[in-house]
Amino acid sequence: MAPLFRLLLPALLPLFPTLTTAWTDLSDETLARLPNPSDTDFDITSGALLSPILIPRVPGTEGSLKVLSHFQNFFATKLPDWKTSTQNSTATTPTSNGAEIPFVNFYATRDPPWAGGGDVGRLVLVAHYDSKSTPEGFIGATDSAVPCAVLMHAAQAVDEALTRKWEDMRAKGLAGDGLGDGDGHEDAYRGVMILFLDGEEAFHSWTNEDSLYGARSLAKTWESTPHTVLSQRKNHISSIDLFLLLDLLGSKSPTIPSYFPTTHWAYTHMATLESRLRRQNHFLSHETSPNPWFFEPKKGKRFNSMMIQDDHIPFLARGVEVLHVIPSPFPRVWHVLEDDGKHLDMPTVKDWARLTAAFLAGWLGLEGFVEAPLEVIPVGGRAGEAEDVTSGAVKGRGVRLKTEL
Ligand SMILES: *[C@@H]1O[C@H](CO)[C@@H](O)[C@H](O)[C@H]1NC(C)=O
């Protein structure tokens with residue numbers, strides 16, 4: 001990421017209609033039932049989701065391919081109902097001496113089983129998985145290994161509930177009527193995509209040409225590949241209802257401004273979920289990160305007029321709605337060697353995972369479909385006593401449900 005440039009967003013404000021789509025509030029019980037982000041997934045040396053990403057992963061190198069196969073394995077083994085794809089391109093860079101460097105974008109999609117791909121509107125959850133080529137050995141834990149792991153967690157957290165919801169809709173005859181937008185059946189055509197972009201970082205210094213290699217190629221490809229005739233949506237770009245980009249997350253006490261008036265409604269849902277999760281003691285970061293990350297902007301100063309150059313730019317330019325979840329100011333470790341696993345604030349990392357999963361559940365309308373989790377007994381204590389109950393041993397399903405504590 002990226003130099004900043006100023007945009008006169010407030011001046012444009014009245015031109016945008018307010019867009020409020022795709023949201024159902026979640027009950028306290030559902031918030032409580034969403035799976036705890038565990039050390040099993042987030043430990044920096046052994047966590048199944050995070051630790052494989054904490055290696056240098058410069059485009060075109062072995063590290064990059066390793067992380068790519070980590071994503072592929074995860075979806076193939078843990079989330080087989082998700083359809084995965086890659087989109088590839090090559091480009092020369094200011095440091096490649098004329099050689100073409102390969103860029104591989106990875107995405108995994110889950111759509112209602114009855115819906116044709118061109119009829120679905122998706123929440124697209126995005127992070128970049130490449131790491132910066134300098135300084136030598138740079139890991140980019142916040143930039144953006146943690147956002148990638150957070151998105152994997154979110155996908156995993158909602159997967160079963162989504163299956164139940166779609167089975168329920170089918171049983172009630174609410175599915176597959178061939179009707180899409182604007183007729184009250186949007187819910188039957190709502191899907192989700194996890195998108196990991198390559199080549200976000202500049203190789204030499206940030207310019208329009210030396211940055212966003214993967215995002216630029218993908219936005220162009222998606223725009224120029226139409227869906228089949230009679231689809232509700234024109235192409236993959238118009239299939240994106242919201243492009244939710246996470247970046248630079250995992251340091252303590254971030255503050256996330258609202259950058260775009262047209263997606264302030266989604267920002268507000270984030271803020272509300274955050275404060276509810278805090279109030280109900282589902283957040284672990286109270287001590288390291290006590291202030292709200294999302295906040296109600298003061299009247300007359302609603303939007304941050306700074307726009308940060310990031311992977312959303314090529315999509316924004318094509319009319320895509322964007323919610324950019326990136327702190328301002330950037331974390332202290334930004335683009336220096338200290339942006340590694342050891343310098344992460346782990347309670348904050350896990351809270352991002354929980355918050356993102358909750359947002360996804362709200363978007364997908366999963367109220368009533370999230371089942372109580374497995375009972376977990378912390379090592380050396382009763383369930384519910386330890387700060388992080390997820391580090392304990394898992395007992396069998398139904399031994400004692402969380403909601404009974
Ligand atoms: C893109 O490149 C990756 C890595 O080399 C490869 O595994 C994948 O099959 C390629 N995808 C396509 C669509 O060609």
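Colleague: What does the charged end of R216 sit over?
Modeller: The charged end of R216 sits over the ring of Y213, 5.3 Å from the ring's centre. That label applies if NZ of Lys or CZ of Arg is within 6 Å of the ring centre and within 35 degrees of the ring normal. Keep in mind that this is a predicted model: local features need pLDDT of at least 70 and side-chain atom pairs count only at pLDDT 80 or more, while totals for chains, interfaces and linings use all residues. Residues are numbered from 1 along each chain as its sequence is written, and side-chain values use heavy atoms, with hydrogens and water left out.

Colleague: Thanks. How many aromatic pairs are there?
Modeller: The count comes to 22 aromatic pairs. Rings of Phe, Tyr and Trp (its six-membered ring) pair if their centres lie within 6.5 Å; planes under 30 degrees apart count as stacked, over 60 as edge-to-face and the rest as tilted. One of them joins F103 and Y213: their centres are 4.7 Å apart and the planes meet at 5 degrees, so this pair is stacked.

Colleague: Where do F103 and Y213 lie?
Modeller: F103 is in strand 3 and Y213 in helix 6 (residues 213-223), so the pair ties together parts that are 110 residues apart in sequence. Helices (H or I, at least four residues) and strands (E, at least two) are DSSP runs, numbered from the N terminus.

Colleague: And is F103 buried or exposed?
Modeller: F103 is buried, at a relative accessible area of 1%, and Y213 is buried too, at 6%. Buried means under 20% relative accessible area, exposed over 50%, and partly exposed in between (1.4 Å probe, protein chains only).

Colleague: Which residues form one aromatic cluster?
Modeller: That cluster is made of F71, F74, F75, W82, F106, Y129 and F196.

Colleague: Switching topic: how many salt bridges does the structure hold?
Modeller: There are 15 salt bridges, each being a side-chain nitrogen of Lys or Arg within 4 Å of a carboxyl oxygen of Asp or Glu. D81, R110 and D159 are linked in a network of them.

Colleague: Nice, how far apart are the closest N and O atoms of D81 and R110?
Modeller: For D81 and R110 they are 3.6 Å apart. D81 sits in the loop between helix 4 (62-78) and strand 2 (83-91), and R110 in strand 3 (residues 101-110), 29 residues apart.

Colleague: What about D159 and R110?
Modeller: The closest N and O atoms of D159 and R110 are 3.0 Å apart.

Colleague: Which residue does D187 form a salt bridge with?
Modeller: D187 pairs with K165, their closest N and O atoms being 2.9 Å apart. D187 is partly exposed, with a relative accessible area of 27%, whereas K165 counts as buried at 5%.

Colleague: What follows helix 9?
Modeller: G365 does, and its phi is positive, near 65 degrees.
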